[in-house]
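Good morning, and thank you for making time on the agenda.

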Amino acid sequence: MHPDLEQVLFTEDQLMAEIRALGARLSADYAGRNPLFVCVLKGAVMFMTDLVKHVTVPLEMDFIAISSYGASSKSSGVVRILKDLDRPVEGRDIVIVEDIVDTGLTLAYLKESLQHRRAQSVRVVTLFDKPEGRKVDIQPDYACFQVPNAFIVGYGLDYAERYRNLPFVGILKPSVYIG
Ligand code: IMP
């Protein structure tokens, strides 16, 4: 437990068990293929590195960094690519690896961008899904955990760049961000 957390939602063991199971599912679903796993920086870094260890098909990894603009801290859907992929995606089976899907605006942009570059297929894997936050009709193809409409941190997820290094995930106390 961390003093800034209201509640721990998932322990390290719970995270690892789900990630291992997801790796097995992806290994079966991508049998005979050579997918390109695209990690969305920075939040999905821990998830990506643990997930690929449990995928048995040959795969490649690439990284993309995006930033969304807006008057508030909430995603506006206006997205800018800060760091693009190193390699072309044309003809590739893409697996987007996200930390959390909230409004879905970031994901909608990213998915469209990769389809536009003529990827053969684009699927989305997310560690957390916050379905109550959705503003656009987009669903991840694979989600490890559904979470309530609260601000969560840890295991890659941050608030103002903090808490990413926690090995577990919890709900941040509102007093931390409302002063
Ligand atoms: P959206 O789906 O476009 O609203 O944005 C998803 C992005 O917002 C994620 O990739 C996270 O970076 C961030 N985000 C959304 N909810 C949370 C949360 O509860 N904790 C930390 N980051 C979050």
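In the side chain of K130, an N or O atom lies 3.0 Å from an oxygen atom of the ligand, a polar contact, that is, a pair of N or O atoms within 3.5 Å. This is a predicted model, in which local features need pLDDT of at least 70 and side-chain atom pairs pLDDT 80 or more, while totals for chains, interfaces and linings use all residues. Residues are numbered from 1 along each chain as its sequence is written, and side-chain values use heavy atoms, without hydrogens and water.

The backbone takes part as well: a polar backbone atom of G104 is 2.9 Å from a ligand oxygen, and for L105 a backbone N or O atom is 3.5 Å from one. Taken alone, the ligand exposes 490 Å², of which the protein buries 83% (Shrake-Rupley areas, 1.4 Å probe).

Which residues come nearest to the ligand? They are D99, T103, G104, T106 and I152, out of 16 around it, where near means a heavy atom within 4 Å. Strand β5 gives the most to this shell, with 4 residues; strands are DSSP runs of E, at least two residues, and helices runs of H or I, at least four, numbered from the N terminus.

Is Y177 buried or partly exposed? Its relative accessibility is 34%, so Y177 counts as partly exposed, the class between buried, under 20%, and exposed, over 50%.

Note on methods. A polar contact is a pair of N or O atoms within 3.5 Å; within protein, one must be able to donate a hydrogen and the other to accept it, and residues adjacent in sequence count only if both atoms are side-chain atoms. Buried means under 20% relative accessible area, exposed over 50%, partly exposed in between (1.4 Å probe, protein chains only).
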